[in-house]
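User: I'd like to learn how to read this structure step by step. Could you walk me through it?

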Amino acid sequence: MKQSNLIFPPESCTGCGVCTAFCPQKCIRMRPNSEGFLFPEIQADLCVKCNLCRKKCPLISPIDHSPVFSPPILFAAYHKDIVRRRQSTSGGAFAAIAEEVISKRGVVFGTAFDAACEHVICRTAHNEEELFSLKNSKYIQSDSSNVYVEIEKYLHKGQIVFFSGTPCQVAGVHSYFLTNPQKNLLYTCDLICHGVPSPLAWTQYLKWLSHHFKTGISDFQFRNKQKGWKNSLRSCVLKGKRIFLHGKEDSFSLSFYLNLSLRESCYHCHFDCASKADFTLADFWGIEKTGCIPNKEIRDGISRIEINTLHGQELFSRLNDRLEVFPIQWDNRQPVCTVRPSQRNFFYPRIKKSWEEAFPLMKIPFLTRIRTALREYLPESLLNVLRRIQ
Ligand SMILES: Cc1cc2nc3c(=O)[nH]c(=O)nc-3n(C[C@H](O)[C@H](O)[C@H](O)COP(=O)(O)OP(=O)(O)OC[C@H]3O[C@@H](n4cnc5c(N)ncnc54)[C@H](O)[C@@H]3O)c2cc1C
Ligand code: SF4
Ligand code: SF4
Ligand code: SF4
């Protein structure tokens, strides 16, 4: 079988998989490249050159989608249920929207770990129990190429669908459903997105971590809030016991924050500050400066909610029982602008041999290292002082 070239230059393709879903010949497959990121690959002998894959690619043919609100309507918010808020990365805004959709017999699509924490998958939640696994950020790219057909089935049955993902995944969903007669049943939500590492990076890290601890790990959390939202720590479970990760044990997140492990498209993202989603969610860093939320509430996390469309506003107006919301004047937030470090060239070739080969690339400031190492042991009040003087 002859494999042909890619549809879009590898430095820009986000891996959303819409081209695969649209191909009438089913001759596009999503395949991992040498870094473990998924890319579409055309089986040239089956292709009838209809060009549909290019027409539907959100990069080649961006949808003329003008958000109704320019600028978006901005809120700080937190879930009124403290347990649900603590289960979430920031203030639990995603959970509140999802619960409302589920209460109307709708379906939620989001990203979860599989049972062994080895892979991130796009999956559905039909009830609160299933919703649990979608909560919390997993800083790894999930494969959304199969969700389009699945969403279509639910819309066809007249069910509400809420899709939550990275901005490029949401752009794919919008492209697929642009002309769908049931698209008024579809709500979307994206995130202010720093970028995504590949599943291969995660596999190599897990392999190293299991070897380091001499046992398999489970229930990995990127943002455990035991010491508060702003002092969040990575944690995992070893033989039934939860532990916090420091230094090299936390090197997956280090490589993420140092921008070493991200997909090439993330270094010149087309979707930052140009959301096509009904909502954009993020951590509301700096919320204390507005003085609108008591400090004791900030401790457990505050969500930033940008409402981009009238459709989103209508759903948002039904969340009063679940969310405490504070209107904020639009702050002209700047794009995340993830800069590609020169060491990025060496990261994937090194981790393919073994994860520890990349340790020399992960240089972090001394104070940050100390603070992270002390997070588990120092009281929260002292950690807050340290953060201010850093
Ligand atoms: C890869 C990534 C990068 C991010 N970068 C930033 C940033 O630079 N600045 C910032 O302020 N916020 C960033 N966020 C968003 C932030 O971490 C929170 O997800 C957001 O504030 C929502 O929090 P929440 O409490 O409402 O809900 P949570 O319960 O924390 O949100 C979970 C939602 O995120 C989705 N999600 C989780 N992992 C993934 C994934 N791998 N791919 C797609 N969707 C996923 C789930 O499907 C679910 O819908 C990022 C999130 C991700 C996943
Ligand atoms: S040109 Fe048409 S047949 Fe060929 S890969 Fe693209 S969508 Fe499929
Ligand atoms: S549709 Fe998505 S996966 Fe296909 S070429 Fe465009 S960006 Fe890449
Ligand atoms: S930074 Fe841009 S390209 Fe990368 S995952 Fe986020 S939205 Fe997609």
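User: What classes of residue make up the shell around ligand 1?

Analyst: By class, 14 are nonpolar, 15 polar and three charged. Here Ala, Val, Leu, Ile, Met, Phe, Trp, Tyr, Cys and Pro count as nonpolar, Asp, Glu, Lys and Arg as charged, and the others, Gly among them, as polar. Before we go on, this is a predicted model, in which local features need pLDDT of at least 70 and side-chain atom pairs count only at pLDDT 80 or more, while totals for chains, interfaces and linings use all residues. Residues are numbered from 1 along each chain as its sequence is written, with chains lettered from A and ligands numbered from 1 in the order in which they are written.

User: Which residues come nearest to ligand 1, and which elements supply the shell?

Analyst: A residue is near a molecule if its C-beta atom, placed from the backbone, lies within 6 Å of it. Of the 32 residues around ligand 1, the nearest are Ser88, Thr89, Gly110, Ser164 and His194. At least two shell residues come from each of helix H4 (93-103), strand E4 (107-113) and strand E11 (279-283). Helices (H or I, at least four residues) and strands (E, at least two) are DSSP runs numbered from the N terminus.

User: How should I read the sheets?

Analyst: Strands of a sheet pair through backbone hydrogen bonds, either parallel or antiparallel. Two strands count as paired if DSSP finds at least two bridges between them. One open sheet has eight strands in the order E5-E4-E6-E7-E11-E12-E3-E13, with mixed pairing. Strand E5 (120-125) and strand E13 (323-328) are at its edges with a single partner strand each, so one side of each has no neighbour in the sheet. Within this sheet, E4 and E5 run antiparallel and are joined by six bridges; Phe109 has Thr124 in E5 as its bridge partner.

User: What is the order of the three-stranded sheet?

Analyst: Its order is E8-E9-E10, open and with antiparallel pairing. Four bridges pair E8 with strand E9 (residues 233-238), and Ser218 stands opposite Val237 in E9.

User: Is H4 mostly covered or mostly exposed?

Analyst: A residue is buried if 20 or more other C-beta atoms lie within 10 Å of its own, exposed if 12 or fewer, and partly exposed in between, with C-beta atoms placed from the backbone. H4 is mostly covered, with nine of its 11 residues buried, among them Phe94, Ile97 and Glu99. After H4 comes Arg105, whose phi is positive, near 60°.

User: And what of the protein as a whole?

Analyst: It has 14 helices and 13 strands. Its radius of gyration (taken over C-alpha atoms) is 21 Å, close to the 21 Å from the globule rule (2.2 Å times the number of residues to the power 0.38) for 390 residues, so the protein is as compact as a globular protein of that length. The C-alpha atoms fill a box of roughly 65 × 50 × 40 Å along the principal axes. Of the 390 residues, 41% count as buried.
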